[in-house]
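Walk through this model with an eye on its aromatic rings, then on its surface charge.

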Amino acid sequence: MTTGGLEFSREEIKTALRNLKNKKSAGADEIPMCLIKDCSDLITDHLCSIFNYSVRPNWFPDQEASKDYSYPKKGSKVKVENYRPVSGLSTISKVFERCLLARLEGYERSDVTQHGFRANHGTVTAGLEVQHYVSSSLDSKNHVVVNSIDISTAFDLIRPELLDLSFVSRELELRNFLSDRKAYVDIGDECSYIKKLGAGIPQGSVLGPKMFTMYMSGLPGVLLSDSVNMVVYADDSYMISTADSRDELISLTELIMSKHVEWLRNVAMIVNATKTEMVYFMSDELLKITLDGSTITSSELMNVLGVTFDCQMS
């Protein structure tokens with residue numbers, strides 16, 4: 001049985017184990033990560049054999065059903081929509097995914113707009129970059145607006161057939177990592193039936209954030225220009241548009257937001273145009289634009305990843 005060149009070494013598996021958290025919780029296999037890590041010297045060679053036996057060219061091994069736990073996000077705890085699912089994945093699968101993630105790092109395209117899932121980046125660097133773009137535009141006496149388009153449950157809508165992996169080695173074809181996945185919900189002593197998932201990234205997967213970044217990586221190429229900058233943190237994106245006049249800014253913003261919405265819908269994202277946020281800086285006037293037949297009116301304040309920007313930049 002050939003592995004098509006995608007073979008893992010003992011050192012790769014040992015590195016993957018070191019980088020995984022020492023947790024006592026377990027997924028559907030009921031094996032806690034702390035046990036695997038404690039026994040690493042004894043099982044590394046066996047894991048190496050299993051992983052190399054399992055892989056095929058362009059194929060990710062079939063997954064067990066993940067055990068999903070629900071955690072309250074906000075609001076009433078009696079409403080199911082206020083809960084966030086987290087997948088309890090197989091512990092051995094997590095080790096395998098960590099090995100694949102290390103391989104994937106060597107092929108990943110750089111997305112300078114994304115501040116999530118990147119070393120030395122986060123909400124602080126994203127907020128500072130938004131501030132930099134706005135301040136620079138105002139210093140040049142330009143009109144500037146920042147907008148953010150609301151998308152719902154982005155991680156749960158990823159379609160494997162739309163994932164662009166053309167820049168990745170053929171041995172790391174991972175579309176089927178997102179295909180034919182199954183899950184069940186565990187609450188207290190009760191479990192739901194196992195359901196096949198038609199889309200989405202498993203919450204809790206170490207490969208998940210990287211796959212999401214790759215899925216969304218085509219957006220900057222559609223929107224960025226000398227007059228438009230973009231700052232992204234995970235699934236939150238902020239467009240900073242500048243123009244010489246208010247009328248030009250309205251036309252530019254409507255065009256960019258329309259392109260943004262069209263691209264998101266083409267990759268199966270759900271857009272809520274009525275929840276679009278927008279701030280028009282250094283002006284007492286409100287800016288009104290049309291998006292999806294709805295009128296979007298700018299506000300005086302906008303929260304950008306925990307930092308409040310007001311229209312006077314004060």
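**Aromatic rings and a charged patch**

Phe 8, Phe 51 and Phe 96 form one aromatic cluster. This is a predicted model: local features need pLDDT of at least 70, side-chain atom pairs count only at pLDDT 80 or more, and totals for chains, interfaces and linings use all residues. Residues are numbered from 1 along each chain as its sequence is written, and side-chain values use heavy atoms, without hydrogens and water.

The whole structure holds five aromatic pairs. Rings of Phe, Tyr and Trp (its six-membered ring) pair if their centres lie within 6.5 Å; planes under 30 degrees apart count as stacked, over 60 as edge-to-face and the rest as tilted. Phe 8 and Phe 51 are edge-to-face, because their ring centres are 6.5 Å apart and their planes stand at 80°. Phe 8 sits in the segment before helix 1 (10–19) and Phe 51 in helix 3 (residues 40–54), so the pair ties together parts 43 residues apart in sequence. Both Phe 8 and Phe 51 are buried (under 20% relative accessible area; exposed is over 50%, partly exposed in between; 1.4 Å probe, protein chains only).

Phe 155 and Phe 212 are stacked, because their ring centres are 4.1 Å apart and their planes are at 10°. Phe 155 is buried at 17% relative accessible area. Phe 212 is buried at 0%.

Now the surface. Lys 73, Lys 74, Arg 84 and Lys 275 form a positive patch (residues with over 30% relative accessible area and no salt bridge, like charges joined within 9 Å). Lys 74 lies in the loop between strand 1 (66–72) and strand 2 (83–88). Lys 74 counts as exposed because its relative accessibility is 66%.

Technical notes. Patch = residues over 30% accessible without salt bridge, like charges linked within 9 Å, V, L, I, M, F, W, Y side chains within 5 Å. Areas by Shrake-Rupley, 256 points an atom, 1.4 Å probe, with all protein chains shown as cover. Salt bridge = Lys/Arg side-chain N within 4 Å of Asp/Glu carboxyl O. Lys, Arg positive; Asp, Glu negative; His and termini not counted. Charge placed at Lys NZ, Arg CZ, Asp CG, Glu CD. Helix = DSSP H or I, 4+ residues; strand = E, 2+ residues; numbered from the N terminus.
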